[in-house]
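Hi,

Here is the structure I said I would pass on.

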Amino acid sequence: MARRGVFITLEGPEGSGKSSQARWLVQRLRRAGHRVTLVRDPGSTALGRSLRRALLHTSAELSPLAEALLFIGGRVQLVEERIRPALAKGRVVVCDRFHDSTVAYQGFGGQLDVPWLDRVGRAAIRRVMPDVTVLLDVPTAVGFARLRRSRDRMERKALAFHRRVRAGFLRLAKREPKRFVVIDASQPAAAVRREIEMIVSSEFGVRSSESRRALRIPHSPLRTP
Ligand SMILES: Nc1ncnc2c1ncn2[C@@H]1O[C@H](COP(=O)(O)OP(=O)(O)O)[C@@H](O)[C@H]1O
Ligand SMILES: [Mg+2]
């Protein structure tokens, strides 16, 4: 199936603003005339919703490897049921967390074999990887201070775990500078929004191999197609 759409993921630690920025980004893109699909990982399919309960809203102790493979399984379903079809129709897909979260949380945080997990995770989704990944980077304490609701199982893990997660995300971004854009998400939400807007607009401005470089130099406002 030919892939024509644009695939954007938002990544980052707890409380970095992924979900609120994703909702805003979708509205913004729709106003600019794009057809947009918003999904979250885990979630957005029947399997994903069950896995979300099993993985996040449980007090059970889970083997880190079992946990990682379940997240990957949920993602395979999400890609095949929602993401790949949407991209094939030329839609923009915005996804709240994706493959990088498994590598950061279960790999770096849970101390599994990172290269192995990265390989298995990518192979499972048959390399349907994002065109752009916005990494909202925030110090662990700042992110947690923003969370008002009760914490899920990941959020209850020790601070040391979450510090490894944050450092892991930054390592991933450094390793793939063409796909990742890192934003300082400790700024006010409006400032983060402005940066996301510039990044995404340059993605729609130039979509050749040139666009990968252009992504580093945001310039034009979001254009209508
Ligand atoms: N830049 C920001 N500054 C202050 N508060 C923020 C910012 N971004 C998001 N928030 C608030 O922090 C909380 C967590 O945001 P959310 O988007 O759910 O983060 P995430 O999905 O990354 O965990 C929400 O109450 C949100 O309104
Ligand atoms: Mg969220």
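Start with α3 and α4: these two helices are roughly antiparallel to each other, because the angle between them is about 175° and anything over 145 degrees counts as roughly antiparallel. Helix α3 covers residues 64-88 and helix α4 covers residues 99-109, and their axes sit 10 Å apart. If you want to find the contact on screen, look for Pro64, Glu67, Ala68, Phe71, Ile72 and Arg75 on the α3 side, meeting His99, Thr102 and Gln106 on the α4 side. By class, that contact has four nonpolar, three polar and two charged residues. Please keep in mind throughout that this is a predicted model.

Next, the sheet. Five strands make up an open sheet, in the order β2-β3-β1-β4-β5, with parallel pairing. The edges are β2 and β5 (180-184), each of which pairs on one side only. From one strand to the next the twist averages 20°. The β2 and β3 (residues 92-96) strands run parallel and are joined by five bridges, and Leu38 stands opposite Val94 in β3. Two helices to look at here are α1 and α3. Helix α1 packs on the sheet and touches β1, β2, β3 and β4 (132-137), with its direction at about 170° to that of β3. Helix α3 also packs on the sheet, touching β1, β2 and β3, and its direction makes about 160° with that of β2.

Is Ile8 buried or exposed? Ile8 counts as buried, because it has 24 C-beta neighbours inside 10 Å and the cut-off is 20 or more. Leaving out residues up to four places away in sequence, Ile8 touches Val92, Val93, Val94, Pro130, Asp131, Val132, Val134 and Val200. Ile8 and Thr133 are 125 residues apart along the chain, yet their C-alpha atoms are separated by 5.8 Å.

Most residues other than glycine have a negative phi, and most peptide bonds are trans. Against that background, Asp41 and Pro42 are joined by a cis peptide bond, with omega about 0°. Pro42 lies in the loop between β2 (36-40) and α2 (46-56). Ser44 is found in the loop between β2 and α2 as well, and its phi is positive, near 65°. Ser44 counts as buried, with 21 C-beta neighbours inside 10 Å. Gln111 has a positive phi too, near 60°, and is found in the loop between α4 and α5 (114-124). Gln111 is exposed, with 11 other C-beta atoms within 10 Å.

Last, the ligand. Which residues come nearest to ligand 1? Of the 14 residues around ligand 1, the nearest are Gly17, Lys18, Ser19, Ser20 and Arg146. The largest share comes from α1, with three residues. By class, the shell around ligand 1 divides into four nonpolar, seven polar and three charged residues.

Over to you!

Methods: Residues numbered from 1 in each chain as written. Chains lettered and ligands numbered in written order. Predicted model: local features only at pLDDT ≥ 70, side-chain atom pairs only at ≥ 80, totals over all residues. Axes fitted to C-alpha atoms, helices over the stretch in contact; angles between N-to-C directions. Helix = DSSP H or I, 4+ residues; strand = E, 2+ residues; numbered from the N terminus. Parallel < 35°, antiparallel > 145°, perpendicular 65-115°, else oblique. Contact = placed C-beta atoms within 7 Å. Nonpolar A, V, L, I, M, F, W, Y, C, P; charged D, E, K, R; others polar. Buried ≥ 20, exposed ≤ 12 C-beta atoms within 10 Å, placed from the backbone. Near = placed C-beta within 6 Å. Pairing = 2+ DSSP bridges.
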